[in-house]
Amino acid sequence: MSAAATRRLTTAQALVRFLAAQYTERDGVRHRLIAGTWGIFGHGNVAGLGQALVEYREAMPYHQGRNEQAMVHAAVGHARHLNRLSAQAVTTSIGPGATNLVTGAALATINRLPVLLLPGDYFASHAADPLLQQLEHPVEADVSVNDALRPVSRYFDRITRPEALLTSALNAVRVLSDPAETGAVTLALPQDVQAQAYDWPEEFFADRVWRVRRPAPDPAELAEAVRAIRAAARPLIVAGGGVHHSEAEPALKALVDATGIPVASTQAGKGALRHDHPADLGGIGHTGTAVSDALARTADLVIGVGTRYSDFTTASGTLFQHPGVRFLNLNITAFDAHKLAATTLVCDARSGLAALTDALVGHRVDAAYETEYRTGRARWEEAVEGAFRADDDSAVPTQTQVLGALDTVVGDQDVVINAAGSLPGDLHKLWRARSPRQYHLEYGYSCMGYEIPAALGVQQAAPGIPVWALVGDGTYLMNPTEIVTAVQENLPVKLVLVQNHGYASIGGLSESVGAERFGTDYRHRVADGSFTGAPLPVDLAANAASLGMDVLRAKTVRELREALSTARAATRPTCVYVETAPPGTALPAEAWWDVPVAEVSAREAATEARAAYERAVADRRRHL
């Protein structure tokens with residue numbers, strides 16, 4: 001009997017070859033699982049993975065990043081746009097390169113989006129000990145800074161011997177392709193092990209297909225869910241990101257068309273129904289629409305589909321106020337399905353929605369209920385038109401008028417990306433999502449600095465589609481460096497840079513909780529230590545131009561529309577810079593959000609805010 005065929009490669013070379021041969025498949029459509037690798041090279045990965053990526057550059061595309069956190073954001077944007085069926089890897093050096101991954105990893109795991117992290121690590125042999133950038137622990141010699149990635153990873157391993165990769169690589173890909181338990185996956189790679197050779201079984205490098213399952217609902221759970229829906233007089237669907245991940249938008253529409261049940265959406269779920277569908281109520285919760293939140297307060301059955309019920313969605317437990325309200329949660333993850341003491345339907349979103357539609361034949365909500373929510377929807381559309389309208393084209397635009405101008409320019413397939421600040425609230429309330437992938441808000445971690453690198457990942461996933469990164473001045477100053485990568489890779493992303501001289505969202509929140517907008521303006525410090533002087537002479541447009549972007553400055557509403565049209569047609573990275581006029585946001589929050597206020601204070605603003613807080617928190621319910 002002949003020995004099994006082997007191939008002698010370094011650990012890093014074997015890993016790259018293995019990753020290049022992994023595929024996902026769902027509904028008969030195959031995707032490459034690891035579509036490319038982002039990397040910044042330094043001591044810890046340059047001689048290992050760096051060399052391997054050169055060796056196999058035809059099999060594994062490489063993308064050069066400028067900031068490690070930003071590389072993770074780019075990979076997350078790519079995975080989200082492709083419904084988690086394709087992901088990217090990120091490699092870094094040891095030390096600060098590795099710890100810069102932590103924020104991006106947390107974002108990926110919270111949002112259940114796959115990304116493979118490959119940080120360098122200390123010498124497994126301890127031959128060079130301590131080495132540059134190594135964290136020494138006096139009683140735990142196997143601890144490294146990469147252990148900070150454990151709590152934010154869905155799977156973590158340190159590969160201390162080449163052959164350990166045989167098991168860990170398969171486990172890593174298992175998690176990356178799992179429709180319920182995915183997120184950041186970390187394989188910490190000691191730099192000496194990366195360079196060590198081993199005789200690898202040829203089977204390790206064979207093409208491998210990971211089928212992404214669509215589990216069907218349990219018959220008993222389905223029957224109970226159907227009974228709950230038939231018994232409800234005022235049901236409301238809350239559509240979350242799981243609708244998109246499952247590509248369940250047509251199944252949701254079929255259920256809604258058949259039953260007339262209205263749909264409100266979380267930040268991750270917006271676009272699950274097209275904005276002009278008569279049952280689409282827009283966003284729900286603290287940043288929701290008036291019609292969504294009004295129906296949520298009177299709903300007797302809340303049907304959560306693919307949502308994890310963040311505090312923004314539930315208005316910190318104050319939104320669902322019907323005395324007999326119950327919850328029915330359709331979710332592929334049992335952990336989320338059981339929230340709010342719900343009746344559970346643990347299954348794939350598309351499979352579950354289709355099963356509900358088949359089982360509810362002949363059932364429809366009362367006509368008066370349909371008339372009620374359609375009337376509320378029409379009133380809200382008037383509010384949107386008012387927020388978007390600019391009566392004077394020569395005036396400086398407000399932030400909501402910036403969104404109105406963009407609304408007139410984008411096509412159905414354009415992608416709009418945002419993550420933090422005051423823009424998410426305005427977008428959730430006002431944006432008219434025309435297609436399932438158009439509205440790309442990262443609001444699980446609400447991470448400033450996500451937008452620009454995520455736009456790169458989306459642009460890679462959807463070449464030829466206009467991709468817009470909407471960024472305020474605070475976010476821009478956090479992480480603009482991937483503009484250079486966009487220029488280098490000729491990714492024609494469109495950056496809308498809104499200058500309002502401070503943290504508009506946190507400034508408003510600070511005022512409402514008695515912190516008096518302290519430390520939220522970008523202004524000169526004055527004698528009493530506050531920041532109430534003139535705006536700083538900072539030219540962010542010039543900065544974007546210095547990084548290689550084409551920059552269009554717009555001072556009026558008319559100039560803004562023209563600049564946005566020009567940017568949409570551009571074939572290279574283009575920035576539209578606009579300084580906005582107050583108010584920062586035109587429409588107030590329709591529901592509360594719990595930010596605890598100082599219980600005692602000598603300042604009047606704080607004592608007044610505490611009184612308002614106590615009135616609001618009294619409405620909180622524990623749904624049991």
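The structure is a predicted model, in which local features need pLDDT of at least 70 and side-chain atom pairs count only at pLDDT 80 or more, while totals for chains, interfaces and linings use all residues. Residues are numbered from 1 along each chain as its sequence is written, and side-chain values use heavy atoms, with hydrogens and water left out.

**The sheet**
- In the order β5-β4-β6-β7-β9-β8, 6 strands (DSSP runs of E, at least two residues) form an open sheet with parallel pairing, where pairing requires at least two DSSP bridges between two strands.
- The edge strands, each pairing on one side only, are β5 (62-64) and β8 (155-158).
- Strand β6 (residues 87-92) pairs with strand β7 (residues 115-121) in the parallel sense over 4 bridges, and T91 has L118 in β7 as its bridge partner.

**The buried helix**
- Helix α11 (residues 290-298; helices are DSSP runs of H or I, at least four residues) has V291, S292, D293, L295 and A296 buried, that is, under 20% relative accessible area with a 1.4 Å probe, protein chains only.
- Among the elements covering these buried residues of α11 are β12 (235-239), β13 (263-265), β14 (280-283) and α15 (367-388).

**The helix pair**
- Helix α10 (residues 249-259) packs with helix α14 (residues 349-359) at an angle of about 20 degrees, their axes lying 8 Å apart, which makes α10 roughly parallel to α14 (angles under 35 degrees).
- The contact (heavy atoms within 4.5 Å) is made by A251, L252, A254, L255 and A258 of α10 and by R350, L353, A354, L356 and T357 of α14.

How values were computed: Buried means under 20% relative accessible area, exposed over 50%, partly exposed in between (1.4 Å probe, protein chains only). Axes are lines fitted to C-alpha atoms, for helices over the stretch in contact, and angles run from 0 to 180 degrees between N-to-C directions. Angles under 35 degrees count as roughly parallel, over 145 as roughly antiparallel, 65 to 115 as roughly perpendicular and the rest as oblique.
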